[in-house]
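Please keep the viewer open while you read.

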Amino acid sequence: MFRLLSSLLLILITNFSFSQQIKVVDKESNKPIENVYIFDKYNSILTNEFGIADLSEFKEKRLLHFQHPSYQNLEIDFNDIKVQNFIVKLHSNIFPIQEVIVSANKWEQNIKEVPLKVHKIEKAEIINTNSQTTADLLKSCNQVYIQKSQQGGGSPMIRGFAANRVLLVLDGVRLNNAIYRSGNLQNVISIDANSLESAEIILGPGSIIYGSDAIGGVMDFHTLKPLYSTSGKTNTKFRYKNRYSSANNEVMNHVSYNVGKERLSFAGSVTYSDFDDQKMGSHGPDEYLRNEYAIVENGTDKVITNSDPKTQKRSGYNQFNLVQKIRYKASENTDLLYGLHYTTSSDIPRYDRLIQYKGDNLKYAEWYYGPQTLQMHNFQLALKKDNLLYDSFKLTTAFQNYKESRHDRKFISTSKRNRSEKLKIYILNADAEKKLSKSTHLFWGAEMTHNRLRSKGHSTNIETYDLEEIASRYPDKSKYSSLAVYSNIKRKLNSNWTLNTGIRYSHIWINSELDNTYYNFPFTQLDLSTGALNGGVGITYNSDSGWDFKFNASSGFRAPNIDDIGKVFDSEPGKVVVPNKDLKPEYIYNVDLNVSKNFNQKIFIDINAFYSFLDDAMIRSDYSFDGQNTIIYDGTESEVQAIVNADNAKVWGVNFQCIAKINQNFSATANMNYNKGEYKDGSPVRHVAPMFSSFKLDYKSNNLSSNIAIEYNAKIAYNDLAEVEKDKPYLYAQDKNGNPYSPEWLIVNWNNNYKLSKSINLNFSIENLFDKRCRPYSSGIAGVGRNFIVGVVYSI
C-alpha cells in the first residue's frame, strides 16, 4: 500500500508540479540512479542523487539518449517519456567493457564497433578503489601487470611490452617524451588517480592514431571535466577524500570541486600523499628481507642492523598533484577548455639499488631520484559544424615542462654523482570526424611534437662541498621532433557487421651533438631522420543472439628517441651503455581475435587471443666502443653495450574474462592473463609477465558494497628468466640450486564501502589478508604485507 501511494504521489508531482522533471530508476529495484547522462543533439544533463533531472531545456519530438556505465544504453522518444509519466527504467549491465569509448579514434563511439581490445575503468571504480597511485589503479583492472623498482614507482607491462613501448596519454596529450627509456619507468605515478573521470586501455598496437611508442598498448587517462549548469542554478560539486594505510603509514588527502554556470565552468583537484617505509608480509622468501641498511653518522657511512627486517628501510616518499581547468561555451557549437596539470614529489629512494651488495658490503650509501616534476598547460578548441572537412573538430595545443634527476653515492665514498634532465615539450594536435554517409564515418588528424633537452652532470664532495662537472646522461641541448598525419574509416556494412581501416605516416628528427670532454667518441653528431608507415584493418560482428566477434590486423612502430641513441649510463653492475647513431625504428605486426557472449545479462564471457611479431627490435646488446669491448666508467672497468637493431621477437597470449550475476546483490568476476614471448634465439622476452589471474566476489545492497578478491601470480623458473634478469639475483628468491627465480604467490583482499548518508561514504579494507610476503616479477621492492585501510569520502 505504501509503495502504491508513493507511486501515485510521484505521478501527481511529476505531471503537475514538475512537468519537465524526469526520474531515472533501476528496473529491478526501482532505486534512483545518480549521474545518468541524458542528451540529445543540442543539450545534455546529469541526474542528481535522487535520479532526477530537469528537461526544460530539451525540445519535444526528439530522441533522448540515456547512458550510465552500470546500465544498458537507452534511446527513447520524448513523447514516450510522457506516456511513462516521466519515469525511465534502465536495465543493469554486467558488461565489463562499457558502451562508449574515446581512445580508439579520439571520438566517442560504441565499443562493439571497435575491433581493438579496450578495457575501460569507470569513475565509480576509481572513487571506490584504494589505489595509492595510478600504477596501482591500472593493476586493479587485471589487464595490466605492474613492476616496481621502488615504492615511488610503477611500470605498466602490457602484452610483453613496457616502458617506452607503451604509451601514456593524459587528456588527449601524449606524455611519452624524448628520454623515456627502455628500462622500467615510473612516470605513470605523475598522474593523480583521484583526479580521473575514467581511463581506457588499448591492448595491442595503437600506432595508427597515437604514433610512435604505442606498440604494446595505450593508456588513455581522462581527468575531471568542468560541467556547465543546465538548470539555471550554479552547478556546484565538492568532494573530500581521506585515507590511511597501515603497511606504509600512507596519509592521503584529496579535494576536488566544480562550479559551473551556463557558459562558464571551473573544476579542480588537489591531492597530497605521504608514504613511510613500506612493510612486507610475514610469510615468504627470506631473500626479500631488509636485514641491514646504510646511514650517515657523524659524517661517516655506517651499516646498522634493521630492528624489523620486514620494514623496507629507505623506501618512503611524498607526492603532490594539482589539476585546474576552465571551460567556456563561446557558442552552441564552440567549446574552449584550458587545463593545468602540476605534479611533483620529494626525493624518491631507488630501493632496488639500495639493496645491492658489492662483496659483503652494501654497494650504495645513497641512490635516489630527485623530485619528479611535470607542469603541463593544455588548451583545447572543440567545434561542431557540418562542413566539407568535418562535422566535429578538436584542436589541442600543449606545453610540458618536465624535470627529473638521479643522485647516487657508493658506500664510504665522499663523491656523489648528480645528473639532471630538463625537457620543454611542445605539442599541436588536430582531430576531426566527418560523416560521409549514413553508414560511413571518417576520422582524420595530424600531430606535431618538439622536445628540447638540457642534460647536466656534476659530482659533489660531501665533506668539502666542492663541485666538479662530470659527463651528463644525455647529450646536452639535444632536439627531438615529429610530424604525422593519419586517417581512419569506419563503415557500417549492415546491422551486424562493421569495418574499420586506417593508415598513418610519421616522421622523426633527432639532432644531437656528443661532448668529447669525458669520452673519446668515434663520432660527434647524432643526426637522425627516419619515417614510418603503418596501418591496420579490423572487422566486428555483433549477432542478435548476444555473440560478438572481433578481428584486427595492424602494424605499429617505435622510432628511436634520444634515450635510445645518445645516453651513457650503467645499466647494471659492470656494464655501461654507449651511444649508437645507426639505430632504426622497430616495427610490430599484430593479429587479434576477440570472442564474447552475453547470456541474458546473467553471464558474460570474453576471450581475447593475440600474436605479435616485433621486427628490428631495439635491444641492449654487447658492443664495441672505438674498437674496445670495455671502458672505464666512473672509475670502474665496464663491459660496453648499446641499444641495437639486432633481433626480432614473437609474443603471443590469451586473456579470459567471465562475469556472472548471481542475483540482485551478488556477482562474481574472474580474469586470467597468459603471455609468452621469445627472441629468435629462443631466449625469453624481458617484459613478458608471468601468468596472472584474479577472482572477485561482489556484494551490493542499498548502502553497502563489499568484495573479496583473490590475486594469483605464477612463478618464473630460472631457465625461463630473461637473460638480463638473471644478472640481477638481488631482486629474486633462490631456488634449490641457488639460482634466482620469481616464486608464485597468492593474496586475498577484502574491500568494504558503506554509504553512511547521501554525503558521506566510509571505507574499511584489508589488503593481503594472510600477510603473504611477495615481490612481483622484475620488481625491486616487495609488495605490502597485511594492510589495514580506512577512509572517508565526503561529497556535496
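The report below starts with aromatic rings, moves to charges over rings and ends with strands. Please bear in mind that this is a predicted model.

**Aromatic pairs**

The count of aromatic pairs comes to 15. One of them joins Phe-399 and Tyr-426, which are tilted, with 5.2 Å centre to centre and 45 degrees between the planes. This pair links distant parts of the chain, since Phe-399 belongs to strand 32 (residues 392-410) and Tyr-426 to strand 33 (residues 415-435), 27 residues apart. Phe-399 counts as partly exposed, at 22% relative accessibility, and Tyr-426 is partly exposed too, with a relative accessible area of 38%.

Tyr-732 and Tyr-777 form another tilted aromatic pair, this time with 6.5 Å centre to centre and 40 degrees between the planes. Tyr-732 lies in the loop between helix 8 (723-726) and strand 49 (733-734), and Tyr-777 in the loop between strand 52 (760-767) and strand 53 (787-795), so the pair ties together parts that are 45 residues apart in sequence. Are these two tyrosines buried or exposed? Tyr-732 counts as buried because its relative accessibility is 3%, with the cut-off for buried being under 20%. Tyr-777, at 2%, counts as buried by that cut-off.

Here are the two pairs side by side.

| Pair | Centre to centre | Angle between planes |
|---|---|---|
| Phe-399 and Tyr-426 | 5.2 Å | 45 degrees |
| Tyr-732 and Tyr-777 | 6.5 Å | 40 degrees |

**A cluster, and charges over rings**

Which residues make up one aromatic cluster? They are Trp-497, Tyr-541, Trp-547, Phe-549 and Phe-599. Phe-599 also has a charged neighbour: the charged end of Lys-597 sits over its ring, 5.1 Å from the centre. Elsewhere, the ring of Phe-610 has the charged end of Arg-159 over it, 4.2 Å from the ring centre.

Three strands form an open sheet in the order 11-12-13, with antiparallel pairing. Strand 11 (145-147) and strand 13 (161-162) are the edge strands, each pairing on one side only. Strand 11 is joined to strand 12 (residues 155-158) by three bridges, and the two run antiparallel. In this pairing, Ile-146 stands opposite Pro-156 in strand 12.

Strand 44 (residues 630-633) is worth a look for its two faces: Ile-631 and Tyr-633 are on the covered face, whereas Thr-630 and Ile-632 are on the uncovered one. Strand 44 pairs with strand 45 (residues 636-661) in the antiparallel sense, over four bridges. Ile-631, from the covered face, stands opposite Ser-638 in strand 45.

Note on methods. Residues are numbered from 1 along each chain as its sequence is written. This is a predicted model: local features need pLDDT of at least 70, side-chain atom pairs count only at pLDDT 80 or more; totals for chains, interfaces and linings use all residues. Side-chain values use heavy atoms; hydrogens and water are left out. Rings of Phe, Tyr and Trp (its six-membered ring) pair if their centres lie within 6.5 Å; planes under 30 degrees apart count as stacked, over 60 as edge-to-face and the rest as tilted. Buried means under 20% relative accessible area, exposed over 50%, partly exposed in between (1.4 Å probe, protein chains only). A charge sits over a ring if NZ of Lys or CZ of Arg is within 6 Å of the ring centre and within 35 degrees of the ring normal. Two strands pair if DSSP finds at least two bridges between them.
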